[in-house]
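Me: I would like to go through this model and ask what lies behind the labels.

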Amino acid sequence: ESPLQWNQALSSNHGGSLLITECNIEGNRTGEGFLCHNAMSPYVTKCTFHNTPDAIEYIQCQDGRITNNKIYNAPDDAIDLNACTNIIIENNYIENIEDKGLEIGHTSKGVSSGIIINDNSISGPASAIHLMQKSKALISSNTITNNKQGILLTELANHKAPKSILL
């Protein structure tokens, strides 16, 4: 078997509803973990990911949850949201990630909004939480340690920089 490539995932889910619970994933530092597209109420909980880039990625998902997961030693982001609405990211343990602990962004379909980031422990990535391209999140009661940047706000090239952050 050949290793996963950058555009492959352990599980790629399109549409519908999704519950993934109590998985133990040992990655090979390529591909992605659980990739969810256009799902209603996707829920990933109580999973452990080791060496898995973008362990959990939601694209255009609504009303979902990502809770009680352990993600460590990944060569990319731990959790990645793109053009999502009303997602709760809570009680996750994220450690030793090479890029972002949480990357909250957009696609051509729109920004991420209504995101709640609560009570996570994020240690060791380049940036703990990265809010991109006018995405909106409520960030509360997280433990952020040993990161180059705690919370990073950025815009697309040629756009004005964000004006404020409310913590």
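This is a predicted model: local features need pLDDT of at least 70, side-chain atom pairs count only at pLDDT 80 or more; totals for chains, interfaces and linings use all residues.

**Labels and their grounds**

Me: What polar atom lies 3.2 Å from the backbone oxygen of Glu 90?
Reply: One in the side chain of Asn 92. A polar contact is a pair of N or O atoms within 3.5 Å, where within protein one must be able to donate a hydrogen and the other to accept it, and residues adjacent in sequence count only if both atoms are side-chain atoms. The Asn 92 side chain also has a polar atom 3.0 Å from the backbone nitrogen of Asn 69.

Me: Why is Asn 92 called buried?
Reply: Because its relative accessibility is 2%, and buried means under 20% relative accessible area, with over 50% exposed and partly exposed in between (1.4 Å probe, protein chains only). Asn 92 is in the loop between strand E11 (88-90) and strand E12 (93-97); strands (E, at least two residues) are DSSP runs, numbered from the N terminus.

Me: Which residues touch the most other members of the largest nonpolar core?
Reply: Tyr 58 and Ile 89, in a core of 33 residues. Such a core is a set of buried Ala, Val, Leu, Ile, Met, Phe, Trp, Tyr and Cys residues joined through side-chain atoms within 4.5 Å. Strand E16 (127-132) is among the elements giving two or more residues, and E16 gives the largest share, three residues.

How values were computed:
Residues are numbered from 1 along each chain as its sequence is written. Side-chain values use heavy atoms; hydrogens and water are left out. Helices (H or I, at least four residues) and strands (E, at least two) are DSSP runs, numbered from the N terminus.
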